[in-house]
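Have the sequence and the 3D view open as you read.

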Amino acid sequence: MNRTPLFAQHQQRGARFVDFGGWEMPVQYSGIIAEHTAVRTAAGLFDVSHMGEIELRGPGALAAAQELTANDVGRLADGQAQYSLLLLPSGGIVDDIMVYRLSAERLLLCVNAGNAEKDLAWIRDHAGTAEVVDRSAETALLALQGPRATAILARLAAADVASLARFACAEVEVAGKPVLAARTGYTGEDGWELYAGNADAAPLWDALLDAGAGDGLAPVGLGARDTLRLEAALPLYGNDLDETTTPLEARLGWVVRLDKPSFIGRAALLAQRAAGVTRKLCGFALDERGIARHDHAIVHDGSEVGRVTSGSQSPTLGKAIGLGYVPPHCADVGTELEIDIRG
């Protein structure tokens with residue numbers, strides 16, 4: 001399996017590993033609930049170096065990004081980021097991504113690890129005159145998340161990172177290492193995603209954990225990453241999103257700028273908006289014991305109306321929660337549903 005530049009650091013801290021899309025990744029250290037709670041109350045540090053990083057460069061970079069993505073890259077100034085989508089002509093979701101405008105001729109796209117090869121091919125096929133550079137193999141990514149994250153990062157940063165707004169990014173030195181620091185994340189908390197060269201990943205990891213020791217900073221694995229993003233209703237590609245789901249069905253219409261004159265998938269989404277969606281992604285909480293898991297049936301008035309796409313116990317709420325696609329009339333707040341858990 002593939003390993004990130006931080007594999008030795010995870011071993012030293014007693015991480016338990018799993019195969020995640022061909023990557024040997026830490027799923028937990030002290031335990032999912034403790035790590036989840038650390039992020040909600042203090043701070044957590046994640047290794048997400050398996051993610052893909054693709055740059056669009058040159059005079060055609062902005063135009064390529066506008067055609068490739070559903071959001072409006074034209075609204076970004078240098079040093080700003082946005083959540084966006086790569087779409088098929090059918091409106092189906094190729095991937096959900098982050099777009100960072102570093103300059104008018106240099107944009108960084110962060111893509112999901114399991115989609116990196118597919119996305120790279122798609123981007124190359126539709127990039128027009130822009131140069132496409134795959135930086136995945138040379139780039140490490142650390143996520144520092146939680147209410148104490150900014151204070152911890154500020155101790156090590158050579159610039160005033162605390163003044164950066166949400167979805168801003170800047171190239172700064174952290175612990176003496178060059179880093180692209182972005183005030184973004186996948187937990188529902190304030191925090192940072194730090195892009196660095198592979199050789200700098202381990203020193204950064206160690207420096208951050210040392211700097212945050214007094215704040216309760218903990219290393220966090222993929223287990224708590226999943227429960228954190230689910231509590232915030234942040235979709236996971238392959239579960240809640242795929243090439244058969246559209247942004248309008250997935251409640252991601254806020255990402256889609258249909259007033260842009262052109263982007264891949266626009267015509268299909270205009271038609272779907274006019275006709276109305278036949279299903280919507282909804283969140284639910286279980287009132288009874290049991291945990292809803294992926295592909296469990298969702299039942300309304302005795303009939304199956306959908307399937308669970310994501311489900312887990314919520315450490316914050318102390319009850320099971322989940323996401324799933326159901327007909328629009330079943331997606332209203334207060335609607336009573338049932339989840340078929342092994343009969």
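D295 counts as partly exposed, at 44% relative accessibility; here buried means under 20% relative accessible area, exposed over 50%, and partly exposed in between (1.4 Å probe, protein chains only). D295 has a positive phi of about 80°, although it is not a glycine. You will find D295 in the loop between β14 (280–285) and β15 (297–300). Helices (H or I, at least four residues) and strands (E, at least two) are DSSP runs, numbered from the N terminus.

R251 also has a positive phi, of about 60°, and is not a glycine. This residue sits in the loop between α7 and α8 (266–275), and at 42% relative accessibility R251 counts as partly exposed.

## About the model

This is a predicted model, in which local features need pLDDT of at least 70 and side-chain atom pairs count only at pLDDT 80 or more, while totals for chains, interfaces and linings use all residues. Residues are numbered from 1 along each chain as its sequence is written, and side-chain values use heavy atoms, with hydrogens and water left out.

## The overall fold

The chain holds eight helices and 18 strands. Its radius of gyration is 20 Å, close to the 20 Å that the globule rule gives for 343 residues, so the chain is as compact as a globular protein of that length. That radius is taken over C-alpha atoms, and the rule is 2.2 Å times the number of residues to the power 0.38. Along the principal axes, the C-alpha atoms fill a box of roughly 60 × 50 × 40 Å.

Of the 343 residues in the chain, 54% are buried. Contact means heavy atoms within 4.5 Å; among contacts between residues at least 6 apart in sequence, 65% join residues at least 24 apart.

## The nonpolar cores

Which residues have the most contacts inside the largest nonpolar core? They are L85, Y100 and L241, in a core of 38 residues. Elements giving two or more residues to this core include β5 (80–87), β6 (93–103), β9 (139–145), α7 (222–231) and β17 (319–326). A nonpolar core is a set of buried Ala, Val, Leu, Ile, Met, Phe, Trp, Tyr and Cys residues joined through side-chain atoms within 4.5 Å. A second, separate core of 27 residues includes L144, V172, V179 and A181.

Leaving aside neighbours within four places in sequence, Y100 is in contact with several residues, among them Q80, L107, C110, C169 and Y195.

In helix α2 (residues 32–41), the buried residues are E35, H36, A38 and V39. They cover an arc of only 155° around the axis, which puts them on the same side of α2; the arc is that of the directions from the helix axis to the C-beta atoms. On the other side of α2, I33 and T41 are exposed. The buried residues of α2 pack against β2 (23–28), β3 (43–47), β9, β13 (217–220) and α7.

## Cysteines

How many disulfides does a search of the whole structure find? The count is zero, with a disulfide taken as a pair of cysteine sulfur atoms within 2.5 Å. For C169, the nearest cysteine sulfur is that of C110, 12 Å away; C169 is buried, with a relative accessible area of 6%. For C330, the nearest is the sulfur of C282, at 8.2 Å, and C330 counts as buried at 2% relative accessibility.
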